[in-house]
Amino acid sequence: MKPYFQIRGLRSGYAGGVVLTGVDLDVEPGGILAVLGRNGVGKTTLISTVMGFVRPYEGSITVDGREIAGARVDVIARAGVGVVPQGRRVFAPLTVAEHLAIAAPRRAAPGPWTRARILDLLPRLGERLGHRGDELSGGEQQMLAIARALLGNPRLLLLDEPSDGLAPAIVAQVGEVIREVAAQGMTVVLVEQNLGLALSVAEHVAVMQKGGIVHRAACAEFASRPDDRRRLLGVD
Amino acid sequence: MSTSTSTSLTAPTASRVAGTAVLLGLTLAPFLLGPYAVATLSRILVFALLALSVNLLTGLTGLPTLGQSAYFGVGAYTAAVVAKNLTDIGPLQLLIAAGVSALVAVPTGWLAVRARGVVFLMLTLAIGEIVYSAAVNWKPVTGGTDGISGVPPVVPLPGTPALELDGLVYFYVLAVFLLLLGAVTRLGSTPFVLALRGIRDNEPRMKAIGYPTRRYALTVYCGAAALAGAAGSLWVSVQRFVSPGDAGFEIAALALLAVVIGGTGSMWGACAAAALIWLTRDYLGNLEAVAGRGPLLLGLLFVIAVYTLPRGLAGVRLPHQPSRKRTA
């Protein structure tokens, strides 16, 4: 099957320094890929480069056959790429209702994710509509960040460490939401250090080391090989 | 015994009562005050409109500006030229002044909104200085350092008499002020203003949602320039005179100061602070004991405001208003 999201020979970094040393990735339509790796291997730089926050030095990034490498962030977003950033980054002074209003720009692609459907999937947000972003708990902020991304009806969703700083029960909820989103046909790239979450939602894993992909496997296969996990990630 | 909730006003009710009292006071002012005080009140309303335009950029969008005096000046000069050569009908002068200011803002804003933070501030300062220099040097149009005097009194509507008395001019200024304040306040609940607040809070995130943030910034820049231009037109209606000083740095700095003291983002806070600043400079500063020390008093006001009102006048909470808490 032709990949929906494809990266070839991607090199990028900051101020001339190289962080990504030639990343190749493929994700099939509707697939969930978990990108794993220790701190500092370039996972967040990968997300930032795909979203246009960091300009690539060279390489290709295509979404549904359309080249987006080096395009402006808002152009990439309107091309159907949504992101849930590390640390949530909700708008502190805006209420949940205002977040939902702001997250659905008038020219956003039509799609299945409407305000009503979001509140159906994430009912806790419905109870917090009048609360400001900085009044929410970490879990609620994460749900809000996911809702904000979904309301743009992206066809490719990038999640950067969505379990970061969350209690295990909330992480499980986040996992359920990701599965539900993918079940609707959205292609998902999950950058994660929480191996449990990654293996519970993804179909494939790609492990990063020193700015490149060093290992690819199906989740079931990776889960059954503790030696690989120890060697590549330093965990059992 | 009554409970505290039954005896105290709720916040929205208190706001409505305060708003009504201020409106009543503004309406009755010409009947209670002398001509000088009424003319001062007119100037305060004009300055409050300029502060509102700064607030659109600085408070709502997070773009600190020292350049709004440029568009205020462009509006004032345009209104003066129109009044002397074209029409003495105030609303027409106002519309033309606002339109010309917005037009001038298109190229200057296009340059300015490419930057953020201190660089944006410096660019707007430069734009202000350019307009000031143009006002001084473009003598055939602006009259140079002499300015433009002899502006005919404003006519509020076609067929009505010209407004010669300070009290009548004040009512014209008040009507326009309330109209524009209402328009700006109504903007507050629109998706456009929500987007501006998002840009102020986290511009990269807004881009990631798909907003062309630079286009939004340019739109609000031109809108704020139009508002400043309208204020400039009213200024000419009140003063019947305009000079380069009206487009100078001091006006721009005071307007920014009003937004800081008022509480960035708050429309009523900016208006209240504008009044406070103008009264401090032009009323307190003229009292015998401190005559000529208006700037010093302004400096003191700023220091006191920064230390005692970190969120500005708008951050002052009534005792019964609940503080916001993070959920568990």
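Two residues are taken to be in contact if their C-beta atoms, placed from the backbone, lie within 7 Å. With that in mind, I shall begin with chain A of this predicted model. Among contacts in chain A with a separation of 6 or more, 67% join residues 24 or more positions apart.

The overall dimensions come next. Chain A has 236 residues, for which a compact globule would have a radius of gyration near 18 Å; the value for chain A is 17 Å, which agrees. Along the principal axes, the C-alpha atoms of chain A fill a box of roughly 45 × 40 × 35 Å. Of the residues of chain A, 47% count as buried. Its secondary structure consists of 10 helices and 10 strands.

Let me turn to the sheets of chain A. One is an open sheet of 6 strands in the order 6-7-8-3-9-10, with mixed pairing. Strand 6 and strand 10, the latter covering residues 212-218, stand at its edges with a single partner strand each, so one side of each is left without a neighbour in the sheet. On average, neighbouring strands of this sheet are turned by 20° against each other, direction ignored.

Within this sheet, strand 3 (residues 32-36) and strand 8 (residues 187-191) of chain A pair in the parallel sense over 4 bridges. There, A:Ile32 stands opposite A:Val188 of strand 8. Helix 1 of chain A packs on the sheet and touches strands 3, 6, 7, 8 and 9 of chain A, its direction making about 145° with that of strand 7. Helix 6 of chain A, residues 138-150, also packs on the sheet, where it touches strand 6 and strand 7; its direction makes about 175° with that of strand 6.

Strand 5 pairs with strand 4 (residues 56-63) of chain A over 2 bridges in the antiparallel sense, and A:Thr62 stands opposite A:Glu67 of strand 5.

Helix 10 of chain B, residues 213-239, reaches 38 Å from its first C-alpha to its last, close to the 39 Å expected at 1.5 Å a residue. Of its 27 residues, 22 are buried, so helix 10 of chain B is largely enclosed by the rest of the structure. Just after this helix, B:Arg240 takes a positive phi of about 55°. Helix 4 of chain B, residues 68-85, spans 26 Å, close to the 26 Å expected. Here 16 of the 18 residues are buried, so this helix is likewise largely enclosed by the rest of the structure.

Finally, the nonpolar core. The largest has 179 residues, and those touching the most other members include A:Ala147, A:Leu190, B:Ala51 and B:Ala258. Leaving aside neighbours within four places in sequence, B:Ala258 is in contact with B:Ala51, B:Ala270, B:Ala273, B:Ala274 and B:Ile277.

Technical notes. Residues are numbered from 1 along each chain as its sequence is written. Chains are lettered from A and ligands numbered from 1 in the order in which they are written. This is a predicted model: local features need pLDDT of at least 70, side-chain atom pairs count only at pLDDT 80 or more; totals for chains, interfaces and linings use all residues. The expected span of a helix is 1.5 Å times one less than its number of residues. A residue is buried if 20 or more other C-beta atoms lie within 10 Å of its own, exposed if 12 or fewer, and partly exposed in between; C-beta atoms are placed from the backbone. The radius of gyration is taken over C-alpha atoms; the globule rule is 2.2 Å times the number of residues to the power 0.38. A nonpolar core is a set of buried Ala, Val, Leu, Ile, Met, Phe, Trp, Tyr and Cys residues joined through C-beta atoms within 7 Å. Two strands pair if DSSP finds at least two bridges between them. Axes are lines fitted to C-alpha atoms, for helices over the stretch in contact, and angles run from 0 to 180 degrees between N-to-C directions.
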